[in-house]
Every structure is written in C-alpha cells, then in structure tokens.
Amino acid sequence: MTRQPTPSQTVGPFYGYALPFAKGEDMAPAGHPGTVTVHGRVFDGAGSPVPDAMLEFWQPAADGSRAGAPGSLRRDQVTGAVIGRTGVDFTGFGRVATDADGHYAVRTLPPGGVPYISVCVFARGLLHHLFTRVYLPDLADPATEPLLASLPQERRATLLAVAEREKVYGFDIRLQHDGVHEETVFLAFD
C-alpha cells in the first residue's frame, strides 16, 4: 500500500500570538531625516481588504550594507517583550499586520544598492507565503531594472510604489486579479 502525504491546508491565521512585535513597522531610527513611509492595503481576489495579513519587509541600509541591527528581533525570555529594537539603529527588517481595513504602514530608509524593498506576504487562504517587491519610483528606472523591464507595462505597475507626497509612498498588494485590478507580481524562489 502506497501512502500519500497529507496535503497542506490553512488552519489559521494564528499571527496574533507570536509573530507581531512592538515597533515592527519602525525600521528606520526614530527621527531620522531620511525616513520614508510605505503604506497601502492588501486585497483578496474579490477586491475585499484582508484584515489579518502579516507582511515582512527586508532591505539593505541606505549605504547598501545588509547587516541591520543585531538582535533587533530579540525577545525578553520572561515577558516576551521585544527588547532588541532600540529606535536608534536601522534594522533592515520590519513585520506588520494589516488592520481591519487591510491597511499597513512601515517607516524605513530608502534602500542602498537596490531600488526596492523585499516583501513577504502571509495571509489566510495561502498555503505558502508570497514574495514581491516594492520599487520606489525615485530609485527605479523601469527601462533598466531587469525585473521591471521584463514585464508588460500593466504587470510592471503592480510593483511600483506611487509617490503620494514627499517621503510617502502608496503600495497596494492584490493577491489575485479581481476583474478590474491586476494581481501583484509575485516571485518564485527555488
């Protein structure tokens, strides 16, 4: 008799228990003059906001270094409180949950050496997390950036943040095409 593996299935999300942490949206040092805000909403295939998604952001520092702040995810073993985020160091990593309207916001510095911020999306209904990128328009030239240049214009637009005002960018994530809006381009890593 050949046994088949049990298929993947979602039984959550349980993100509210251990994954969120205080100041997860603050990647930049407090009061840093170069801080930019990236915010938006996560939408499902019906065009409805996803109120319980978890987003992780990864990027190099403004100087291109990738070390981040050592211990920025460290927790107190007794209380569980995050103790590694001091507010004075760039962390290179952020984790935020969406609110009841599917909205998120993260404060960071423009990345050095690359024109994008990497994003990992966890959400209900996803058997595996999704990877995408937020390209900042001040840093990315769609004609010369390899990934952007390889995409049709309508797909490319799903990766480009929109400058709303000075140092504030909008970036919505669409988990599926909803009949009106294109699905965000997601990347596969083998």
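**Group meeting: salt bridges and nonpolar cores**

Hi everyone. There are 6 salt bridges in this structure, and please keep in mind that we are looking at a predicted model.

Let me begin with Arg124, which pairs with Asp52; their closest N and O atoms are 3.1 Å apart. Where do these two sit?

Next comes Arg95 with Glu56, where the closest N and O atoms are 2.9 Å apart. Arg95 belongs to strand β3 and Glu56 to strand β2, so the bridge ties together parts 39 residues apart in sequence. Are these two buried or exposed? Arg95 is buried at 15%, and Glu56 is buried too, at 9%.

Asp178 bridges to Arg174, with 3.6 Å between the closest N and O atoms; Arg174 is buried, at 13% relative accessibility. There is also a network: Glu25, Asp26 and Arg107 are joined by salt bridges that share partners.

Now, over to the nonpolar side. The largest core has 27 residues, and those touching the most other members are Val38, Leu55, Phe57, Val134, Ile173 and Leu175. Strands β1, β2, β4, β5 and β6 each give this core at least two residues.

Take Ile173: leaving out residues up to four places away in sequence, its contacts include Leu55, Val119, Val121 and Phe186. Finally, a separate second core has 9 residues, among them Tyr116, Tyr135, Ala140 and Leu159.

Note on methods: Residues are numbered from 1 along each chain as its sequence is written. This is a predicted model: local features need pLDDT of at least 70, side-chain atom pairs count only at pLDDT 80 or more; totals for chains, interfaces and linings use all residues. Side-chain values use heavy atoms; hydrogens and water are left out. A nonpolar core is a set of buried Ala, Val, Leu, Ile, Met, Phe, Trp, Tyr and Cys residues joined through side-chain atoms within 4.5 Å. Buried means under 20% relative accessible area, exposed over 50%, partly exposed in between (1.4 Å probe, protein chains only). Helices (H or I, at least four residues) and strands (E, at least two) are DSSP runs, numbered from the N terminus. Contact means heavy atoms within 4.5 Å. A salt bridge is a side-chain nitrogen of Lys or Arg within 4 Å of a carboxyl oxygen of Asp or Glu.
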